[in-house]
Amino acid sequence: MPEFCGISLAHPVINASGTFDAIAARRVYGDALLADFPFSAFVSKTITPEPRAGNAPRRIWETPAGMINSIGLPNKGLEGFLAEDLPQLAELPVPLIVSVMATGRPEFARLVEAVADREEVAAIELNVSCPNVHSGLIVGEAPAETEALLEALRPLTAKPLIVKLTPNVADPAAVAVAAESGGADAVSLINTLKASAFDPLSREPALAAGHGGLSGPAVRPVALQQLRSVAAAIGLPAIGMGGIGSGADAAEFIAAGAALVAVGTESFRDPRAGSRVAAELDFTSPQGAAVQPALDLD
Ligand SMILES: Cc1cc2nc3c(=O)[nH]c(=O)nc-3n(C[C@H](O)[C@H](O)[C@H](O)COP(=O)(O)O)c2cc1C
């Protein structure tokens, strides 16, 4: 049984924020979802202090071996999340990690305090791929901003704080080191890579927002390299993600230094991908292979 920041998990496969709507899945699959939940912990969609409608459509564009999204973080805001979503997410049979994002330290602090106060919440993931309105810098692109944010949030809770790193920097390890210095308990990576696509006929951007973030198998080698450099630079556990669709993919992330792996885009294709990756990972791991019966070909 893996242990992550003091939380016991049934297996090392969780979901990537924003890629599995557990409330909608419960409506579709009913209690069967709870009996066989695909992930060993559930990470919520990122919530913000106030409700957001998200970007105008088109918000998703398929690319070779992946997709670009510009969903724009639609969510009910803190109050709506606490009142409507949290009670439903608390019924899931696994520990709950809530992802939060704000555009300033006071707003981040409000989110962390309110969420940490709820006993249903096991850990908090800080989505730092956002600008700080006071400095104008994207927090997760600037080590000093990341460290200052963690220093502001660390005293507010004893619950694990996971920093979700952005891949859109020259040196993600420098940001991870800053997160560790500020008091983070873990990091997760990668978020989506900045990307664009154009409709070849209209010559207009394919996405209404003009650009978005690339995810899926196309980003996997980039994620592995970033994970490897981050894991070598810090003493904290890392959650690895980016294009994981099989146990073999997950095994690569563990080899690169991940304590846990997260399945994202693959869940859109196969809602049970989490369970499948966990089962395949068991088979692909050296220990798993050792307990497989030898094939008798005679
Ligand atoms: C449709 C979509 C929505 C996402 N929403 C969020 C989000 O709300 N918060 C977040 O931190 N990451 C979000 N992500 C990024 C994923 O959590 C993950 O970091 C990224 O997609 C890489 O993993 P993957 O290639 O397995 O999808 C989203 C990704 C997709 C495709």
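Author: What follows looks at one strand and its partners, and then at the chain around them. This is a predicted model, in which local features need pLDDT of at least 70 and side-chain atom pairs count only at pLDDT 80 or more, while totals for chains, interfaces and linings use all residues. Residues are numbered from 1 along each chain as its sequence is written.

The part to look at is strand E12, residues 212-215, where a strand is a DSSP run of E with at least two residues and a helix a run of H or I with at least four, numbered from the N terminus. Strand E6, residues 66-69, pairs with E12 in the antiparallel sense over 3 bridges, and two strands count as paired if DSSP finds at least two bridges between them. Strand E11, residues 193-195, also runs antiparallel to E12 and is joined to it by 3 bridges. Gly-213 of E12 is the bridge partner of Asn-69, and Lys-194 stands opposite Gly-213 as well.

Ser-215, at the end of the range given for E12, is among the residues that come nearest to the ligand, out of 25 around it; a residue is near if its C-beta atom, placed from the backbone, lies within 6 Å.

In the whole protein chain there are 11 helices and 14 strands. The radius of gyration, taken over C-alpha atoms, is compared with a globule rule of 2.2 Å times the number of residues to the power 0.38. The chain has a value of 19 Å, close to the 19 Å that the rule gives for 298 residues, so it is as compact as a globular protein of that length.
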